[in-house]
Amino acid sequence: MILLTGCAGFIGSNFIHTWLAGGNEGVINLDKLTYAGNMDNLTGLQGDSRHQFIRGDIGDRELVTRLLEQYRPRAVINFAAESHVDRSILGPGDFIQTNIVGTFHLLDAVRGYWSQLPDDVTASPSRQNFRFLHVSTDEVYGTLTATDPAFAETNPYLPNSPYAASKAASDHLVRAWHHTYGLPILTTNCSNNYGPYQFPEKLIPLVILNALGGKPLPIYGDGQQVRDWLHVEDHCHAIMRVLESGRVGETYNIGGWNEMPNIEVVKTICGILDGLRPRVDGHRYVEQITYVKDRPGHDRRYAIDARKIQKELNWKPKETFESGIRKTVQWYLDNPEWVAGVTSGAYRQWVVRHYGGQE
Ligand code: NAD
Ligand code: DAU
């Protein structure tokens with residue numbers, strides 16, 4: 001059994017699907033169901049005894065302790081976070097609360113559980129084979145110029161947004177819990193993900209759905225900011241590889257070797273949609289592109305040097321951006337019910353009816 005947090009969200013839900021499809025053991029999924037958590041991401045798992053959903057906060061130490069004692073997981077993977085940069089600029093409070101304070105409570109509850117595990121390599125779980133894997137981001141390294149080398153694990157932390165700063169703080173806590181208490185941790189720092197089940201506030205799903213809805217496609221500033229794009233399933237496989245074979249206490253950067261300026265990403269999506277679902281008025285989707293005010297403090301370029309995970313753990317991405325983005329656009333076209341749910345208020349009402357709490 002493993003305990004996962006934040007797996008009603010984008011990457012976590014993809015992780016559960018990938019994990020269970022691979023025939024692995026059951027999971028407990030602790031998720032607060034914020035606006036970004038969506039039970040529709042877990043469709044197909046109702047009634048599957050390998051997936052146990054618990055609505056709750058990683059910062060609720062009593063709850064986390066109870067779950068650890070009840071299920072005795074051999075590993076915890078922390079996906080839970082506030083994850084959107086724009087929201088962190090408008091209201092950083094939730095980012096501090098979940099990403100820093102929440103991670104602290106989770107880590108400390110896990111430390112209490114781990115410290116009482118049998119000191120016996122043959123037991124499962126044991127103090128030796130237990131793992132805490134923290135899922136983090138390349139944004140902790142700050143921004144690059146066009147000619148800087150890609151982020152390596154040895155780069156200094158220079159976060160620029162409240163989101164990036166809160167993730168950087170969480171990474172530091174995780175590191176400290178290893179160095180001070182010996183908790184067997186692993187940290188992954190990944191670049192921009194895309195794929196199914198992504199909340200349409202992030203660039204790629206926003207552009208697909210706005211294009212189909214006849215809305216503007218907002219490009220911040222000059223659109224020349226560069227991101228490295230990785231298909232979410234590649235990220236999930238990388239996390240699994242790190243969990244099973246990563247060296248305790250280490251950090252692994254994960255990336256797709258797919259650097260692209262935002263404007264090119266958006267034009268690529270427009271071109272795919274022109275082919276798959278042409279506009280009824282005969283116009284092209286690029287005509288919906290609208291340049292808007294830039295994001296404050298907008299990082300210019302991210303790039304990941306993923307040689308360490310490739311060399312040590314023999315992981316590399318399977319998907320190219322070309323193949324991954326085409327599959328992704330097709331997925332959003334093929335799943336109108338998911339799209340309707342995620343874009344309607346009815347979803348929140350459903351959550352409250354089933355799992356309680358506030359809308
Ligand atoms: P997401 O916003 O789609 O999902 C976050 C999930 O966490 C949601 O289900 C939400 O309900 C849950 N959550 C939030 N606060 C919680 C709390 N206090 N307790 C329990 N659950 C809570 O995020 P995502 O894009 O899936 O990202 C997952 C992780 O991966 C995050 O830690 C993020 O920083 C990291 N990451 C994301 C990307 C990316 O491109 N999306 C890239 C690198 C790293
Ligand atoms: O690098 C990893 C990070 O990638 C993750 O840690 C974050 O959780 C994830 O949200 C993502 O951060 P970004 O800020 O890079 O992603 P976003 O999709 O918000 O934006 C991608 C780029 O597109 C960025 O340069 C801002 C730009 N953008 C974004 C939106 C939403 C636009 O030009 N227009 C938009 O409407």
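1. Around ligand 2 there are 23 residues, counting a residue when one of its heavy atoms lies within 4 Å, and those that come nearest are Thr 137, Asp 138, Tyr 163, Arg 295 and His 298. This is a predicted model, in which local features need pLDDT of at least 70 and side-chain atom pairs count only at pLDDT 80 or more, while totals for chains, interfaces and linings use all residues. Residues are numbered from 1 along each chain as its sequence is written, ligands are numbered from 1 in the order in which they are written, and side-chain values use heavy atoms, with hydrogens and water left out.

2. Polar contacts are pairs of N or O atoms within 3.5 Å. For ligand 2, an oxygen atom lies 2.5 Å from a polar side-chain atom of Asp 138, an oxygen atom lies 2.6 Å from a side-chain N or O atom of Tyr 163, and an oxygen atom lies 2.9 Å from a side-chain N or O atom of Arg 227. The protein buries 94% of the 690 Å² that ligand 2 exposes when taken alone, with areas from the Shrake-Rupley method and a 1.4 Å probe.

3. Helix 6 (203–212) and strand 8 (217–220) are the elements that give two or more residues to the shell around ligand 2, helices being DSSP runs of H or I with at least four residues and strands runs of E with at least two, numbered from the N terminus. Strand 8 gives the most, with three residues.

4. Tyr 163 also has a polar side-chain atom 2.7 Å from an oxygen atom of ligand 1, and Tyr 163 is among the residues that come nearest to ligand 1, of the 28 around it. A backbone N or O atom of Lys 32 lies 3.1 Å from a nitrogen atom of ligand 1, and one of Leu 33 lies 3.4 Å from an oxygen atom of ligand 1. Of the 830 Å² of accessible area that ligand 1 has on its own, the protein covers 97%.

5. Which residues of helix 2 (residues 61–71) are buried? They are Leu 63, Val 64, Leu 67 and Leu 68, where buried means under 20% relative accessible area and exposed over 50% (1.4 Å probe, protein chains only). Seen down the axis of helix 2, these buried residues fall within an arc of 135°, so they line one face of the helix; the arc is that of the directions from the helix axis to the C-beta atoms. Glu 62, Arg 66, Glu 69 and Gln 70, on the other side of helix 2, are exposed.

Key
A polar contact is a pair of N or O atoms within 3.5 Å; within protein, one must be able to donate a hydrogen and the other to accept it, and residues adjacent in sequence count only if both atoms are side-chain atoms.
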